[in-house]
Amino acid sequence: MRELTPETITAAVLDQMATTPDPRLKKIMASAVKHLHAFARDVNLTPAEWIKGIEFMTAAGKMCTAERQEFILLSDTLGLSALVNGMHDKTAIEEGTHTSLLGPFYRETTPKLAAGSSIARRSKPGSECVLYGRVTNSSGAPVADATVSIWQTGADGLYDIQENATSIDYRGVFTTNADGIYMLRTVKPLGYSIPMDGPVGNMVKAQARHGMRPAHIHFLVGASGYRELVTALYLRDDPHLADDVVFGSSGDLAVEVAANDPDCPIGGMPSIRFDMRLSRESAADKTSGRVGADPAAIVRRATNSERVPTAAPARAGG
Ligand SMILES: [Fe+2]
């Protein structure tokens, strides 16, 4: 039997995992092991440090519920979500509006609302505004009947899910008209701090980062024959536009609040216009392009995968 040393352990693990029948799983796991081992060698990882890392991941898992997803937050704050989004954008067959983060606050149970409705049940005087825009294909032709799901923080800088697990506020699903236009009433979005009371917040504090996101509104847009678009608009004058703690903001997604936009279909209020271009669907769109999910759906799927029966009773390992 060969002797395992820090120099030979990586090859030994790769040899043992070479039996993996699924070629994609085999590739992903082999690369993960190579990079994890390289990371441990690079920093000369000590046992105490690695236990601290295991404690961190344990705490992150314990924090996850149907209302909170600490691992999405971790992926976002490490820039991994933005990286995966950027690589996904490059697989589109046409140049559309760029992807931004889905984040940990999307909910599948968002109500369908009529054009022009307000998504804000609670608003502070002066915070109301109109949000509208045109959804087009890559050549600029309108896309009718597109589904536009929108969610944002309220006038207090919090998502509904952070205040109450069951009530729905500051979110709605709209449908574009024959000209590709969606329109609604809402409140101006506010910049906010990501949740700092968990392990990811402790990491951000230990790194002396500010934890702030610039003011934004999330969009999930779907239309038959087109690639689903997960994106967000950002307010251009926000002081954190250039140093978003989750790396979602981008100059091409920045917009302004107009005091008196003559094109706005609903008058008498400040307005935000955000147009979006959709790429045609391609083979790459057979699987979901969402980096993130409704926290409740993740808990549901994780619970189901735990229930997969094992071939033999688990035995304690040595
Ligand atoms: Fe957000």
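# A tour of the cavity, the pockets and the packing

The largest cavity holds about 70 Å³ of space. This is a predicted model, where local features need pLDDT of at least 70, side-chain atom pairs count only at pLDDT 80 or more, and totals for chains, interfaces and linings use all residues. Residues are numbered from 1 along each chain as its sequence is written, and side-chain values use heavy atoms, with hydrogens and water left out.

**Stop 1: the cavity**

A search of the whole structure finds 1 cavity of 30 Å³ or more. A cavity is a set of points on a 1 Å grid over the protein atoms alone where a 1.4 Å probe fits but cannot get out. Grid points are joined across faces, edges and corners, and a volume is the space filled by probe spheres set on the points.

Select the lining, meaning residues with an atom within 4 Å of a point. Pick Leu 73, Asp 76, Leu 101, Gly 103, Pro 104, Phe 105, Tyr 192, Ile 194, Pro 195, Arg 213, His 218 and Val 246. By class, this lining has 8 nonpolar, 2 polar and 2 charged residues. Ala, Val, Leu, Ile, Met, Phe, Trp, Tyr, Cys and Pro count as nonpolar, Asp, Glu, Lys and Arg as charged, and the others, Gly among them, as polar.

**Stop 2: from His 218 into the sheet**

Stay on His 218, one of the cavity-lining residues. Its bridge partner in E8 is Ala 232. Now select strand E7 (residues 216-222) and strand E8 (residues 229-235): they run antiparallel, joined by 6 bridges. Strands (E, at least two residues) and helices (H or I, at least four) are DSSP runs, numbered from the N terminus.

Two strands pair if DSSP finds at least two bridges between them.

**Stop 3: H7 and its helix neighbours**

Select helix H3 (residues 47-63) and helix H7 (residues 199-206). They pack at an angle of about 135°, with their axes 8 Å apart. H3 and H7 are therefore oblique to each other. Axes are lines fitted to C-alpha atoms, for helices over the stretch in contact, and angles run from 0 to 180 degrees between N-to-C directions. Angles under 35 degrees count as roughly parallel, over 145 as roughly antiparallel, 65 to 115 as roughly perpendicular and the rest as oblique.

Show the side chains. Phe 56, Ala 59, Ala 60 and Met 63 in H3 meet Pro 199, Val 200 and Met 203 in H7. Contact means heavy atoms within 4.5 Å. The contact of H3 with H7 has 7 nonpolar, no polar and no charged residues.

The axes of H4 and H7 come within 9 Å and cross at roughly 25°. H4 and H7 are therefore roughly parallel to each other. Glu 70, Leu 73, Leu 74 and Thr 77 in H4 meet Pro 199, Val 200, Gly 201, Met 203 and Val 204 in H7. This contact has 6 nonpolar, 2 polar and 1 charged residues.

**Stop 4: the largest pocket**

A pocket is an open set of points with protein on both sides within 12 Å along at least five of seven lines. The largest pocket has a volume of about 860 Å³. Of its 20 lining residues, Phe 56, Met 57, Leu 74, Leu 78 and Met 203 lie nearest its centre. H3 gives the most to this lining, with 7 residues.
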